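The stops below are given in selection order.

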Amino acid sequence: AMVLSLSVTSFAADTDSEAKAEMAGKTVILHTNDVHGAIEGYAYITALKADYEAKGAEVILVDAGDYSQGEVYVSDTKGLDAVEMMNVTGYDVVTLGNHEFDYGYAQLKENMTKADFKILCANVYGEDGIPIFDANYTYTTKSGVKIGFFGMETPEAQTKANPALIKGLKFDTGLKAVAEKQLEALKDDDVVIALSHLGVDDSSKPYTSYDLYNAAKGIDFIIDGHSHSVMTKGKNGEPIQSTGTAFENVGVIVIDNATKKIEKNMLVKVTEDSAKDEAVAKAAQDITDAINAEYGAVFAKSEVELNGDRSYSSKTDLYGNRDGET
């Protein structure tokens, strides 16, 4: 796997012209997945975007789902703070993960009325049989490259979210038919990318990104989420990339504007020393401080230890919240 280090970068390069020449003629897609409320990470991807732009590239920000749930910093507002942070960051196109449905479809719809970015989901329909958000979207770059995106949601969302809160929605399991319809709609585009919250775990078969890629010919690249995988290609070389979770990495796809083809893809590792955008960092800190103040208040005392781990721990001799009483 190609994994680079996102280190502190000096934007004052030798000269502006030299810096802009480095990535001139390129379109760069920066992508995330399964952020799960790690809102401090948005400052890193914003800085990386600025770095690529300073080098002459046009940059597009996309996400493959599961940004609304995880840390209390987004779950406290039922996902709205995630949307607000993504607005501040400047995302362009996103799809839905199963956790976007955790607070119910009504809450999801309300949250997305605040979004400044395009939301795509081709395989979840309302009671009218129409996709609940746009199925696909063509992003045309300043240089004229047409990049077609379509969104795919894992059918596992049907059982991973509260059924009562998603009543009336249909999750289409026919990946082949859905994808072929999107490919037909985007047939005039130069590059077609699936924003896929399907994952690559065997437990998700037959609804993985591997299944999607093999079912429908013509997908140039899959930006994947759901399985928290760190990968720059599939087990057989499939063009599938995933960043892990919680801003472990930022995904990078480079398109050459002249040939209108994907030139390379890689992962950029995020560390504590990575460059940050100060305005976005402050927006995240404001949310964090407010939540910490609210949830840091003592309101009760337990006479027994409460184990928040998922499973049994031999160190504490306590069961977790998924295998016993806590």
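In which loop does His 228 lie? Select the stretch between strand E11 (221–224) and strand E12 (230–231): His 228 is in that loop. Strands here are DSSP E runs of at least two residues and helices are H or I runs of at least four, both numbered from the N terminus. The model is predicted, so local features need pLDDT of at least 70 and side-chain atom pairs count only at pLDDT 80 or more, while totals for chains, interfaces and linings use all residues. Residues are numbered from 1 along each chain as its sequence is written, and side-chain values use heavy atoms, with hydrogens and water left out.

Check the backbone of His 228: phi is positive, about 60°, although the residue is not a glycine. Next, select Lys 205 and Pro 206, whose joining peptide bond is cis, with omega near 5°. Pro 206 sits in the loop between strand E10 (191–197) and helix H8 (209–215). Most residues other than glycine have a negative phi, and most peptide bonds are trans.

A pocket is an open set of points on a 1 Å grid over the protein atoms alone, where a 1.4 Å probe fits, with protein on both sides within 12 Å along at least five of seven lines; lining residues have an atom within 4 Å of a point. The volume of the largest pocket is about 380 Å³, counted as the space filled by probe spheres set on the points, which are joined across faces, edges and corners. Its lining has 10 polar, 7 charged and no nonpolar residues. In this scheme Ala, Val, Leu, Ile, Met, Phe, Trp, Tyr, Cys and Pro are nonpolar, Asp, Glu, Lys and Arg are charged, and the others, Gly among them, are polar.

For the second largest pocket, of about 160 Å³, select helix H9 (residues 278–295), which gives the largest share of the lining, 4 residues. Other selections can include Gly 37, Glu 71, Tyr 73 and Lys 276, which also line this pocket. By class, the lining has 6 nonpolar, 3 polar and 3 charged residues.

Last, show helix H2 (residues 42–54) with helix H4 (residues 80–89). Tyr 42, Ile 45 and Thr 46 in H2 meet Met 85, Met 86 and Thr 89 in H4, contact being heavy atoms within 4.5 Å. These contact residues divide into 4 nonpolar, 2 polar and no charged.
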